[in-house]
Amino acid sequence: MEMSVTKYRKINGEQPLSLGEQLGAMRQFFPKFKVKFDKNSIVFTGPIQPTVMSEIYMVQITCIVNGGKFDPSVCVLSPKLTTGPDGKSIPHMYPAEKLCLYLPRLR
């Protein structure tokens, strides 16, 4: 199982990626994303297709530095997420259609 960069950095006592490092990585891996930023936050908006069989999703990734803490959030802007065919709720979702993509306690 692949370890996330953030978890690896935390385990090894390294600081999380700075906003500048986040910007560079996102521009490298997601060149179609639009970027807005100021001194404490960065907002990336663009298309993601999880697999070739998946729909293309427009997402917004917001990274905020608040009191030395790094708080990312990911929202799916379109298409609107719905429940599965079994009627069950979408797993790993916070209110306001924010996706849970990491363990908050590990940052």
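Biologist: Does Ser 41 count as buried or exposed?

Modeller: First, a word on the source: this is a predicted model, where local features need pLDDT of at least 70, side-chain atom pairs count only at pLDDT 80 or more, and totals for chains, interfaces and linings use all residues. Numbering starts from 1 along each chain as its sequence is written, and side-chain values use heavy atoms, with hydrogens and water left out. A residue is buried under 20% relative accessible area, exposed over 50% and partly exposed in between, using a 1.4 Å probe and protein chains only. Ser 41 has a relative accessible area of 17%, so this residue is buried.

Biologist: Which element holds Ser 41?

Modeller: Helices (H or I, at least four residues) and strands (E, at least two) are DSSP runs, numbered from the N terminus. The chain has two helices and six strands, in the order α-α-β-β-β-β-β-β. Ser 41 belongs to strand 2.

Biologist: Which residues is Ser 41 in contact with, leaving aside its neighbours within four places in sequence?

Modeller: Contact means heavy atoms within 4.5 Å. With those neighbours set aside, the partners of Ser 41 are Leu 19, Lys 36, Cys 63 and Ile 64.

Biologist: What is the bridge partner of Phe 37 in strand 2?

Modeller: Two strands pair if DSSP finds at least two bridges between them. Within strand 2, Phe 37 has as its bridge partner Ile 42.

Biologist: How many residues make up the largest nonpolar core?

Modeller: A nonpolar core is a set of buried Ala, Val, Leu, Ile, Met, Phe, Trp, Tyr and Cys residues joined through side-chain atoms within 4.5 Å. The largest one includes Leu 19, Phe 33, Ile 61 and Val 76. Two or more residues come from each of helix 2 (19–29), strand 2 (41–48), strand 3 (57–66) and strand 4 (69–78). In all, the members of the largest core number twelve.

Biologist: How many disulfides are there in the whole structure?

Modeller: A disulfide here is a pair of cysteine sulfur atoms within 2.5 Å. Cys 63 is buried at 4% relative accessible area, and Cys 75 is also buried, at 15%. Even so, the number of disulfides found in the whole structure is zero.

Biologist: Why is the pair of Phe 30 and Phe 33 called tilted?

Modeller: Rings of Phe, Tyr and Trp (its six-membered ring) pair if their centres lie within 6.5 Å; planes under 30 degrees apart are stacked, over 60 edge-to-face, and the rest tilted. This rule gives one aromatic pair. Phe 30 is partly exposed at 34%, while Phe 33 is buried at 9%. Their centres are 5.1 Å apart, and the pair is tilted because the planes stand at 50°.

Biologist: How many Å apart in space are Tyr 94 and Ser 73, C-alpha to C-alpha?

Modeller: Tyr 94 lies in strand 5 and is partly exposed, at 41% relative accessibility. Tyr 94 and Ser 73 are 21 residues apart in sequence, and their C-alpha to C-alpha distance is 9.8 Å.
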